[in-house]
Amino acid sequence: MTTKVPTGRTSSPVPGFGSLILWLLGAVLAFVALFFVITFILRQMPDPIGPRASLFVQGAQMTVQLTVVAGLIGLVVGVIAGIMKTSENLFVRAPASFFIWLIRGTPLLVQILFVYNALPPLLQSAGIKLELNEFWSAVIALALNVGAYNAEVIRAGIQAIPRGQTEAARSLGLSGAQTMLSVVLPQALRVVVPPLVNNLVALLKDSSLASSIALLELTLAGSRVSSESFQPIPVLTTVAVVYLALTTVMTLFTDQMEKRVKIATR
């Protein structure tokens, strides 16, 4: 039986550019509306929530910002590391394997503290002057962490594609890079999207650990209000509900992306 390589006539597994723009616009508008609703509701609540509603909203906005920036960087890191780990060349595969082993084997909290407290002095001793504020320290640590998990997802997706697809593409004269970009990755997309979405939602919740370096995200905002008011129950309940609202909206739109990818791969 002859293995056929998908051609340009085959429906792409990636939603069209216009559809993607509409999806992104819808997600942005949904979060803007969500923050408007959260602000309105929190301001109506009694002390200690109402008078400090702006602090909760500011923390929630930082949480989303951390998730988006670190998620995008982590996706790039994951794709690169995942492809490297599938390489037959040991010198290409070994660095990716070491990176994934190191990140997945150490706690995220330790990674955040290391990037914030230890990375700048280490780089400075090597002649590289780098100053990292709380935001970028958290972004780097979160991106590397989610990138390691994304890499394993990408690797599994690539290996799920029948080897005959690669062999057929190479027999037609495509290079290794062309085969990966035009044949393997588009087909792997439908396999890797669901776990990548789960990693993104987990990243939103993991961003709470950025409070350990005094970055004012949602968890630290709640901690400050709780310390000032000595009323942890209403504060922690509010923080949990806001996290739930953020993850619900994010899951709603990521589920839509999954459906679009599945439809495009039919």
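Let's start where helix α2 meets helix α3: from α2 come Val77, Ala81, Met84 and Lys85, and they meet Val92, Arg93, Pro95, Ala96, Ser97, Phe99 and Ile100 in α3. Sorted by type, the residues of this contact are eight nonpolar, one polar and two charged. Keep in mind, everyone, that we are looking at a predicted model.

How do these two helices lie against each other? Helix α2 covers residues 53-85 and α3 covers residues 90-104, and their axes come within 7 Å, crossing at roughly 130 degrees. That angle falls between the 115 degrees where roughly perpendicular ends and the 145 above which we say roughly antiparallel, so α2 and α3 are oblique to each other. The crossing of α2 past α3 is left-handed.

Now follow the chain to glutamate 217, in the loop between α7 and α8. Is this glutamate buried or exposed? Its relative accessible area is 0%, so glutamate 217 is buried. Leaving out residues up to four places away in sequence, glutamate 217 touches several others, including Gly59, Met62, Thr63 and Tyr243. A polar atom of its side chain also lies 3.0 Å from the backbone nitrogen of threonine 219.

Last stop: serine 229, which lies in helix α8, residues 218-229. Serine 229 has 15% relative accessibility, so it counts as buried, the cut-off being under 20%. What does its side chain find in the backbone? A polar atom there sits 2.8 Å from the backbone oxygen of valine 225. Beyond four places in sequence, serine 229 touches Pro48 and Val235.

Notes
Residues are numbered from 1 along each chain as its sequence is written. This is a predicted model: local features need pLDDT of at least 70, side-chain atom pairs count only at pLDDT 80 or more; totals for chains, interfaces and linings use all residues. Side-chain values use heavy atoms; hydrogens and water are left out. Helices (H or I, at least four residues) and strands (E, at least two) are DSSP runs, numbered from the N terminus. Buried means under 20% relative accessible area, exposed over 50%, partly exposed in between (1.4 Å probe, protein chains only). A polar contact is a pair of N or O atoms within 3.5 Å; within protein, one must be able to donate a hydrogen and the other to accept it, and residues adjacent in sequence count only if both atoms are side-chain atoms. Contact means heavy atoms within 4.5 Å. Axes are lines fitted to C-alpha atoms, for helices over the stretch in contact, and angles run from 0 to 180 degrees between N-to-C directions. Angles under 35 degrees count as roughly parallel, over 145 as roughly antiparallel, 65 to 115 as roughly perpendicular and the rest as oblique. A crossing is left-handed if the near helix is turned anticlockwise from the far one by less than a right angle, and right-handed if clockwise. Ala, Val, Leu, Ile, Met, Phe, Trp, Tyr, Cys and Pro count as nonpolar, Asp, Glu, Lys and Arg as charged, and the others, Gly among them, as polar.
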